[in-house]
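Please keep the sequence and the structure in view while reading.

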Amino acid sequence: MQPNSTDTPLTFSSLSLAEPLLLAIQKMGYEQPTPVQQKSIPLILEHKDLLVSAETGSGKTAAFLLPTLDHLLTLPLQKSGTRALILAPTRELAQQIFKQCQQLIEFTDLTVGIITGGDDFRLQKNMLQRHTDVVIATPGRVLELMEQEIPNFENLEVLVLDEADRMLDMGFSEDVLNIAGHCNPLRQTLLFSATLTHFGVIKMADKVLKNHDVVALNTLHDGHRNIEQQYVVADDNDHKKKLLAWLLLNETYDKALVFTNSRLLADELRGPLRGQKLRVGVLHGEMDQKDRNRMMDLYRNGEIKVLIATDLAARGLDIRGINLVINFDVPRNGINYIHRIGRTGRIDELGLTIALVKSSEWNLISGIQRFLKQTFKRRNIKELEGKYKGPKKLKASGKAAGIKNKAPEKKPEKEKIKVRHRDQKNIGKRRAPSKDGDTQAPK
Ligand code: AMP
């Protein structure tokens with residue numbers, strides 16, 4: 001494994017992990033933290049909820065185990081019950097995490113147990129009834145034990161959902177939410193997934209994480225993506241309005257969701273789209289709850305096919321059949337972007353998302369692509385070609401090169417001549433005086 005390729009290489013000791021963990025790391029032969037460990041460990045040590053995209057083989061297991069174990073070592077045990085619960089989709093993965101955890105706690109007094117289907121139920125029951133600090137489990141068996149009210153997650157300090165995308169693909173979504181619902185609401189939650197552009201992962205993140213940070217690390221050459229991402233360049237908002245109407249009239253979709261960055265613009269778009277005989281509704285934070293509920297019902301029932309929304313209003317929107325998301329405005333950052341596109345696609349379906357990008361938004365969308373480690377597909381709509389074709393030159397980062405220092409355009413000579421000509425024509429006519437008593441030239 002490539003241990004590190006980021007700008008500021010950190011060592012394990014500079015991550016200020018507890019001494020017994022550093023000893024274990026040394027014994028295991030880890031020399032330097034991998035990129036996912038470098039980015040995630042400091043944030044997890046700050047007790048932040050985190051959504052991380054990292055692939056198997058990136059060192060992700062130690063990325064969540066090390067700071068979790070550090071936390072358990074630093075804070076003395078206060079109450080009964082499991083302190084850290086790690087959920088994994090398969091027995092094999094649970095076993096790998098278990099082994100790594102055993103190695104990492106070798107020089108501590110911490111205890112770890114594993115709960116997976118197929119193993120002795122009684123032994124697992126005993127293990128949970130004795131105090132076990134860290135429990136690694138697959139969701140199914142945990143639920144069976146929960147039916148008998150055996151596990152105690154009331155005082156849980158850390159909940160980790162590993163390979164969340166796989167857990168969702170395997171149909172564990174409800175089970176995971178059910179288990180999370182029985183855990184201490186004040187816990188820290190870490191959600192690891194191979195991809196961020198998986199509709200279920202973002203919905204899950206909405207439900208289980210609080211004020212979370214995002215660490216995106218993988219290159220996403222994975223098969224989990226079910227959302228195709230495109231962008232169309234546009235001259236200005238008027239051009240965007242035409243593109244939007246065209247897309248809504250020509251794309252195939254069950255339900256479309258259009259995002260704007262402002263409530264005003266959301267309102268402004270509705271009229272012209274209705275004029276195109278599209279069934280459109282608007283959802284934003286200024287509407288009272290009754291109107292919002294009514295709008296969501298109309299959208300859910302299919303009475304309106306297009307919903308124009310702002311970020312805030314769309315948070316937690318969980319409606320089936322949204323398979324087209326259009327970003328009329330490019331969102332302000334990568335996290336908003338994934339929340340928006342997370343509204344589309346279902347586990348077994350494909351979704352399409354299209355961003356309309358004017359020149360002032362180019363750097364924003366290229367930053368989002370860098371953040372997600374993805375390249376969106378450029379799409380041209382022949383019927384509505386505009387003047388703006390994207391930046392002439394690009395920096396290595398994908399941002400537009402050389403816009404800032406562009407000299408202001410000179411006014412054409414012709415205009416001056418025109419003024420003089422009019423002045424001459426109006427000789428003898430009364431003209432409005434300006435403040436300083438002079439006559440005003442046309443602007
Ligand atoms: P994972 O992505 O967690 O499945 O880890 C893949 C492999 O990398 C496992 O065998 C780990 O023991 C190993 N590993 C994790 N972190 C490091 C590191 N910092 N240096 C070397 N190997 C590591």
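## A serine and its surroundings

In this predicted model, the side chains of S193 and D165 are joined by a polar contact of 3.5 Å. S193 belongs to strand β6, which covers residues 188-193.

Is S193 buried or exposed? Its relative accessible area is 1%, and because buried means under 20%, S193 counts as buried. Leaving aside residues up to four places away in sequence, S193 touches V52, S53, A54, A164, D165 and V201, so D165, the partner in the polar contact, is also among the residues that S193 touches.

## The sheet around β6

Strand β6 is one of 7 strands that form an open sheet, and their order is β3-β4-β2-β5-β6-β1-β7, with parallel pairing. The edges of this sheet are β3 (112-115) and β7 (213-216), each of which pairs on one side only. Direction ignored, neighbouring strands of the sheet are turned against each other by 15° on average.

Strands of a sheet pair through backbone hydrogen bonds, and they may do so in a parallel or an antiparallel way.

Helix α12 (residues 289-300) consists of 12 residues. From its first C-alpha to its last, α12 reaches 16 Å, which is close to the 16 Å expected at 1.5 Å a residue. After α12 comes G302, which has a positive phi, near 85°.

Technical notes. Residues are numbered from 1 along each chain as its sequence is written. This is a predicted model: local features need pLDDT of at least 70, side-chain atom pairs count only at pLDDT 80 or more; totals for chains, interfaces and linings use all residues. Side-chain values use heavy atoms; hydrogens and water are left out. Two strands pair if DSSP finds at least two bridges between them. Helices (H or I, at least four residues) and strands (E, at least two) are DSSP runs, numbered from the N terminus. Axes are lines fitted to C-alpha atoms, for helices over the stretch in contact, and angles run from 0 to 180 degrees between N-to-C directions. Buried means under 20% relative accessible area, exposed over 50%, partly exposed in between (1.4 Å probe, protein chains only). A polar contact is a pair of N or O atoms within 3.5 Å; within protein, one must be able to donate a hydrogen and the other to accept it, and residues adjacent in sequence count only if both atoms are side-chain atoms. Contact means heavy atoms within 4.5 Å. The expected span of a helix is 1.5 Å times one less than its number of residues.
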